[in-house]
Amino acid sequence: MSNKDDILKRYRANVREKYDMPDLSDIRAITYPDPLVQFIKMTESVGGHVIEVKEGQDLNQLIRELYPEAKEIASNLPEVTIATRNPDTVGRARDLNGTDVGIIRGQFGVAENACIWIPQTMKEKAVCFISENLIILLPKSQIVNNMHEAYKRIEFDKTYDGYGTFISGPSKTADIAQVLVMGAQAARSATVLLLPE
Amino acid sequence: MSTSHSIAAKEFLKNQTYAKWHDATFWAVRSKRDNMAHGLEEWEQLREKASAIKRHTITHLDEYLDQFATNAEKNGCIVHWAKDANEFNEIVYGILKNHNVKKIVKSKSMLTEECEMNPYLESHGIEVVETDLGERIIQLKGQKPSHIVMPAIHLNHDDVGELFEEKLGSEKGNHDPTYLTYVARLSLRNEFLTADAGMTGGNFGIAETGDIVVCTNEGNADMSTSCPKLHIAAIGLEKIIPNYDCLAVFQRMLCRAGTGQPTTTFTSHFRKARPTAQPMHIVLVDNGRSEWIGNPDHWEALKCIRCGSCMNTCPVYRRSGGYSYSYFIPGPIGINLGMLRDPEKHSGNVSACTLCNSCQTLCPAKVNLGDQIYLWRQQLDDFGTANPQKKLMCKAMSTLFGSSAIYNAATAMAPLANWVPSPLMNSGLNPWAEGHKMMEFPKDTFHSLWKKGKVK
């Protein structure tokens, strides 16, 4: 008998009383009068930055102004013309190391905790983590209230259908004496650019 | 009457400054958790749902495991089943050997601690690099975690500073946590880029989609899987949940309960390997779980989501530290899991509980932690681990309280104890005098006062 059958058989034999699945449709989950306002507030409270991009504003110029010193900018987004590296065409994922600014797109944000759903839409997802600073482009109409709503709508990309992540602010740790430090192993800063549409 | 826990706790309490800091630090985390819980009107409802989902799932786990494995395989993953720790270690080593792996980077996984995987792999010539900062610190120090979420909480910034000076070549005397974190970041960055494989645990496995979900603040699970060509995920059977609707409940609670944050920074869904990597391997580990589900008093320990809130709030954990417990998971959940694992070995922990039930009042999955500890205590005699002194006293007390004649005679004579010289009464010969002075017995007993009409 295979290990799987063996384990499942033993488990089945040992279970005593069985319990029903609860109804989850009656959860009175938190909602906000203006989810966008809450999303901005939460992003700042988890250590992220938010900038509202105006209608017609030049995105590349804005990014340049935010990171005037940046030498290596990585993105596969067609609207980012100042990119010096492309996660779709690098030879190896590790070639993205040393990226000063990585620019990616988020699908929607979550007001209660500043999570942004980021399905993998590039060959090397390393760009989302290896960059020193991360910029996430997010249409400002795409904010849901809470994780129940979020999990009803997450989708993986059709081409890169193996990975997706919620990101809320920059990488952080408090593992040394409980002192909060931004920038543990992934991006040291996270900036959300809210797009008019 | 000392237990293994109380003996070890004495060591911890020798450094009172640190002991006070430890207590206050965890109380602060507990308070942050309270702010989060009070910020959501639905919090108690979420706890109810979380408990009910887990009860349902772990009593139907055979079905959900099958569904999970079928979907993961459909996604292109290779799924392994390990019946125990030894088999788990062999499976992981087998995969690494097949891919000619010399070095792996890994994110925090209590399961690999449970199975003592690192020493096994190292004995077979594989270099293992922990990438969660706390785990990395204790790995460099040659220690084990003292908390499941904050593994290096027993070290202060000077300890870490001196360690990094020696192991990572950091500046002498610079013990600033921000600087030290940056030093570790640079060192680990190099490890991420040069490792042949990445390993993660899993906070949840989703039966309906085959996703492995990993929650971190550092992004180290994502870094561990972004550059290496191979990803192995290890997950205990009980971590499988049915679907995303259930995941939403747990995702909202895990971090709020554990660290008092609204979410971890990263909640990552791994469904299959990167397009440029080898197929992803998932190892499902039993190691006792299929037996524990049959334990009528203790099966609900399998509902635990490893948030750590029970240890943060525990008055005994806060004042005795993780190393005072004999099992690698400390605090209320560790007491219970240790007893399920090996009651003969871990009975010394069950006394590390005041039965205040703060743990189960907080537990996001409503594991009845305190009640279970109480039940374990009733069984110590069966395991042969009951304290002989306490047993004798219990027998004597049952004789004493069972007969009014003996009781009256004893209480009438009790004040004689006041005449025993204090150094003798409060010496090590009298275990009840440990940590406090013996009481003085009143001259008149309650009964005699009552009869004289002196109490009403």
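**Figure 1. In this predicted model, helix 16 of chain B passes helix 19 of chain B in a left-handed crossing.** Helix 16 covers residues 331-341 of chain B and helix 19 covers residues 369-378 of chain B; the two pack with their axes 9 Å apart, at an angle of about 40°. Helix 16 of chain B and helix 19 of chain B are therefore oblique to each other. From helix 16 of chain B, the residues in the contact are B:P332, B:I333, B:I335, B:N336 and B:M339. They meet B:L369, B:G370, B:Q372, B:I373 and B:W376 of helix 19 of chain B. Sorted by class, this contact between helix 16 and helix 19 of chain B holds 7 nonpolar and 3 polar residues, with no charged residues.

**Figure 2. Helix 21 of chain B packs against helix 22 of chain B at an angle of about 100°.** Residues 388-402 of chain B make up helix 21, residues 404-413 of chain B make up helix 22, and the axes of the two are 5 Å apart. Helix 21 of chain B and helix 22 of chain B are therefore roughly perpendicular to each other. Helix 21 of chain B contributes B:T399, B:L400 and B:F401 to the contact, while helix 22 of chain B contributes B:I406, B:Y407 and B:A410. Of the residues in the contact of helix 21 with helix 22 of chain B, 5 are nonpolar, 1 is polar and none is charged.

**Figure 3. Strand 8 of chain A pairs with strand 5 of chain A and with strand 9 of chain B.** Strand 5 (residues 116-119) and strand 8 (residues 163-167) of chain A are antiparallel and share 4 bridges. Within this pair, A:P119 has A:G164 as its bridge partner. Strand 8 of chain A and strand 9 of chain B are also antiparallel, over 5 bridges. Here the bridge partner of A:G164 is B:H269.

**Figure 4. A:I7 lies in helix 1 of chain A and touches residues of chain B, including B:W81.** Helix 1 of chain A spans residues 3-14. Leaving aside residues up to four places away in sequence, A:I7 touches B:W81, B:K83, B:D286 and B:S290. A:I7 is buried because 23 other C-beta atoms lie within 10 Å, and 20 or more count as buried. The C-alpha atoms of A:I7 and A:P68 are 58 Å apart, for a separation of 61 residues along the chain.

**Figure 5. Chain B meets chain A through 70 residues of chain B and 62 residues of chain A.** On the side of chain B that touches chain A, helix 10 (residues 177-194) of chain B gives the most, with 8 residues. This side of chain B has 28 nonpolar, 24 polar and 18 charged residues. Chain B as a whole contains 24 helices and 10 strands. Of its 456 residues, 50% are buried.

Definitions and conventions
Residues are numbered from 1 along each chain as its sequence is written. Chains are lettered from A and ligands numbered from 1 in the order in which they are written. This is a predicted model: local features need pLDDT of at least 70, side-chain atom pairs count only at pLDDT 80 or more; totals for chains, interfaces and linings use all residues. A residue is buried if 20 or more other C-beta atoms lie within 10 Å of its own, exposed if 12 or fewer, and partly exposed in between; C-beta atoms are placed from the backbone. Two residues are in contact if their C-beta atoms, placed from the backbone, lie within 7 Å. Two strands pair if DSSP finds at least two bridges between them. Ala, Val, Leu, Ile, Met, Phe, Trp, Tyr, Cys and Pro count as nonpolar, Asp, Glu, Lys and Arg as charged, and the others, Gly among them, as polar. Axes are lines fitted to C-alpha atoms, for helices over the stretch in contact, and angles run from 0 to 180 degrees between N-to-C directions. Angles under 35 degrees count as roughly parallel, over 145 as roughly antiparallel, 65 to 115 as roughly perpendicular and the rest as oblique. A crossing is left-handed if the near helix is turned anticlockwise from the far one by less than a right angle, and right-handed if clockwise.
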